[in-house]
Amino acid sequence: MAPLLDVDGLTKRFGALVANDGVSLSVADGEVRGIIGPNGSGKSTFFNTLTGFYRSDGGTVTFDGTDISGWKPYRIAQQGLARTFQIVSPFEDLTVRENLLAVHTPGLRVTKEKGKRADEVLEFLEIDHIADNEASEMSGGQQKLLELARVLMLDPKCILLDEPTAGVNPALQDRILDRLEEMNERGTTFVIVEHDMSLIQRFADSVTVFDQGQVIAEGDFDEVTRETRVREAYLGT
Ligand code: ADP
Ligand code: MG
């Protein structure tokens, strides 16, 4: 079966720096792919380039059978490929629920359906009790949940997560992971950048390792973390 997400030779330069140097990566429908690699190895750039937030300097991105290379971010999201940001930025003056209603969801007709979806998402992520609080009052961990909630408004096929549990307390981390696993069981595909190796080990079916803008290894967690160059690049051992 053709992969759901197929990235071929994606390249992104910042001046002389090649932040993504011909990155190729294929993710099957229903898979959870972990991406690991040292700081500055190009993981966030990869997400930003493949989702149209940065203009690429080469390569192609195919999603669900459609060539989406060069598409604008909102169109890519509407196609079913959504992403979260490493640095979250909710509308702070809006309430939690209003933040969800502010998401542009062309698939949902008018306010009634959108409101219903918002309520479902808030309940699913267990933030319905703070639906009327201003986003600025949320903890950093809760803001990560809000970011995920905004993505869920789009009902995406595939979600790219950039460090979804960084800076989140362990209890909330666990809850986020539970929800992600539940979504995966219902068919959502994930690509997740995360430094927490125990999370990657638990959640990811396979792992891709970045170093200096390139993919240096790929395979299952144990296989990949045994490789000498991965240990050298990332684990420092
Ligand atoms: P990671 O997410 O793996 O930590 P990044 O993708 O954020 O790495 O960064 C990869 C490299 O690209 C780093 O050297 C970083 O400084 C550089 N970089 C990232 N974004 C930009 C940008 N907008 N402008 C210039 N350089 C950038
Ligand atoms: Mg990053």
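**The surroundings of Thr189**

A: In this predicted model, once residues up to four places away in sequence are set aside, Thr189 touches Leu4, Val27, Asp29, Gly30, Glu31, Lys157 and Cys158. Thr189 itself belongs to strand E8, which covers residues 189-193. Is this residue buried or exposed? A residue counts as buried if 20 or more other C-beta atoms lie within 10 Å of its own. Thr189 has 24 other C-beta atoms within 10 Å, and is therefore buried. A further distance concerns Pro156: this residue and Thr189 are 33 residues apart in sequence, while their C-alpha atoms are 8.8 Å apart in space.

The largest nonpolar core has 55 residues, and Ala149, Ile192 and Val209 touch the most other members. Helix H5, residues 140-152, gives the most to this core, with five residues. Val209, apart from its neighbours within four places in sequence, is in contact with Ile36, Gly37, Val215, Ile216, Ala217, Val224, Val230 and Tyr234.

Finally, the whole chain provides the setting. Nine helices and 10 strands make up its listed elements. The radius of gyration is 18 Å, close to the 18 Å that the globule rule gives for 237 residues, so the chain is as compact as a globular protein of that length. Along the principal axes, the C-alpha atoms fill a box of roughly 50 × 40 × 35 Å. Of the 237 residues, 38% count as buried. Among contacts with a separation of 6 or more, 65% are between residues 24 or more positions apart.

Terms used:
Residues numbered from 1 in each chain as written. Chains lettered and ligands numbered in written order. Predicted model: local features only at pLDDT ≥ 70, side-chain atom pairs only at ≥ 80, totals over all residues. Core = buried A, V, L, I, M, F, W, Y, C linked by C-beta atoms within 7 Å. Buried ≥ 20, exposed ≤ 12 C-beta atoms within 10 Å, placed from the backbone. Helix = DSSP H or I, 4+ residues; strand = E, 2+ residues; numbered from the N terminus. Contact = placed C-beta atoms within 7 Å. Rg over C-alpha atoms; globule rule 2.2 N^0.38 Å.
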